[in-house]
Amino acid sequence: MRVLAIETSCDETALALVNFSCGEEGCDIAIEAEEVASQVALHRPYGGVVPNVAKREHERNLPVLFERISGRAGFDPRSVDTVAVTVGPGLDPALWAGITFAEELHRKRFPHARLVGANHLEGHLYSFLLSDSLKGTKLPLTGDWDLVPFKNVFPAVHLLVSGGHTMLVLMRGVKERTVLGETRDDAVGEAFDKVARLLGLPYPGGPEIERLASAYRKPPSISFPEPMAHSGDYDFSYSGLKTAVRYYLRGHPGADVSEIAHAFQEAAFAPLVLKAKRALEEYGAASLMLSGGVAANHALQETLKELCSDECRFFVAPLRYNTDNATMITIAAYVNRMGYELRSQPNLSL
Ligand code: KG4
Ligand code: ZN
């Protein structure tokens, strides 16, 4: 099964061509082409993503990225049997840009292929299949995921943390999942972006705050409240933490920005770590998985790895598969063959 996937849910335009090459034992993920055009620089002056600007830029980027993929030596349109496009969740105009392009591409270039909608969150969730420690693991040929020989992987506790989502998911198998909790207001990545803005740092805030936080080496004198860390459920909340930073800045105009970044990052990650730990214990999980843009954060990766220690396996995909990409969308389309309806679904969930 060769899948061409299109991802335009936010501010990355991405295309990928992946061949799930199958033998008797199962299927290997063979990544043939990956293209990502980031719009970060374009949105930076606005301090966040502007939906209609994103849409226009996706419309400009998509044909260019497709030409790069289809212009590769040996590319045969007839070998593509599935075209997948992210239908949600995401920004409505941005999603439509991808869907419209996919429909046109399907009509003109791949009329023989199936055209299916994909769930962006399933893309993040299944990105653990791209982690180095699972390289060589065969995927099932038939779509019968109950038979998959993933030893010591499930049940898994999965922390999906991005600019739009903060979710703790229990996976009893690849396709069997329960959302244990999620954010009641802002997502953790969104909090990084908003706090970065308060600190006068450019968008996106995550990498900027991580850089400053890791450079801070003195004993910290600020501690922000760790939102809902001890709430007894698996939910999260980040709008109060952002407000706490705003008030702190008002009261301490000359404060050290690195120290604030450090204290904020500690407070933002504490509830994620505590609740992941509790879920691992409660469900006797064999592994802990991390995905989404915030998974790019080294401090978070290290803390979760330590949390697992010898007790569980820790999975995180390489950096380029944590932030938005289309390779994870090919996998979502492979795992979920049924696909989603081809219309923009900005609030689609897991
Ligand atoms: O998954 P993603 O690329 O897009 C969404 O689906 O939302 O995630 C983007 C988010 C942004 O909020 C960005 O600030 C955050 O991921 N992010 C980080 C880091 N790199 C990106 N947050 C913390 N530390 C990082 N190193
Ligand atoms: Zn994402």
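Pro 155 is found in the loop between H4 and strand E6 (156-161) of this predicted model, where helices (H or I, at least four residues) and strands (E, at least two) are DSSP runs numbered from the N terminus. The peptide bond that leads from Phe 154 into Pro 155 is cis, with omega near 0°. Most residues other than glycine have a negative phi, and most peptide bonds are trans. Against that background, two backbone angles also deserve a look. Met 228, in the loop between H6 and helix H7 (239-251), is a residue other than glycine with a positive phi, near 60°. Ser 309 is not a glycine either, yet its phi is positive at about 45°; its place is the loop between helix H9 (298-308) and strand E10 (313-316).

As the model is predicted, local features need pLDDT of at least 70 and side-chain atom pairs count only at pLDDT 80 or more, whereas totals for chains, interfaces and linings use all residues. Residues are numbered from 1 along each chain as its sequence is written, chains are lettered from A and ligands numbered from 1 in the order in which they are written, and side-chain values use heavy atoms, with hydrogens and water left out.

Turning to the ligand, 21 residues surround ligand 1, and Gly 163, Asp 193, Glu 210, Gly 293 and Asn 297 are the closest; a residue is near a molecule if one of its heavy atoms lies within 4 Å of it. The shell divides into five nonpolar, 13 polar and three charged residues (nonpolar: Ala, Val, Leu, Ile, Met, Phe, Trp, Tyr, Cys and Pro; charged: Asp, Glu, Lys and Arg; polar: the others, Gly among them). Helix H4 (120-126), helix H5 (188-198) and helix H6 (205-215) each supply at least two shell residues, and the largest share, four residues, comes from H6.

A backbone N or O atom of Gly 163 lies 2.8 Å from an oxygen atom of ligand 1, and for Gly 164 the corresponding backbone distance to a ligand oxygen is 3.2 Å. From His 120, a polar side-chain atom lies 3.3 Å from an oxygen atom of ligand 1. The protein covers 90% of the 560 Å² of accessible area that ligand 1 has on its own, by the Shrake-Rupley method with a 1.4 Å probe.

Ligand 1 sits in the largest pocket, meaning that more than half of its atoms lie within 2 Å of the pocket's grid points. A pocket here is an open set of points on a 1 Å grid over the protein atoms alone, where a 1.4 Å probe fits, with protein on both sides within 12 Å along at least five of seven lines; lining residues have an atom within 4 Å of a point. The volume of the largest pocket is about 1,000 Å³, taken as the space filled by probe spheres set on the points, which are joined across faces, edges and corners. Its lining counts 40 residues, with Asp 11, Ser 162, Gly 163, Asp 193 and Tyr 203 nearest the centre. This lining comprises 13 nonpolar, 19 polar and eight charged residues, and H5 gives the most, with five.

The second largest pocket has a volume of about 270 Å³. Among the 16 residues lining this second pocket, Ile 29, Leu 129, Leu 130, Lys 135 and Gly 136 are the closest to its centre.

How values were computed:
Polar contact = N/O pair within 3.5 Å; in protein donor to acceptor, adjacent residues only side chain to side chain.
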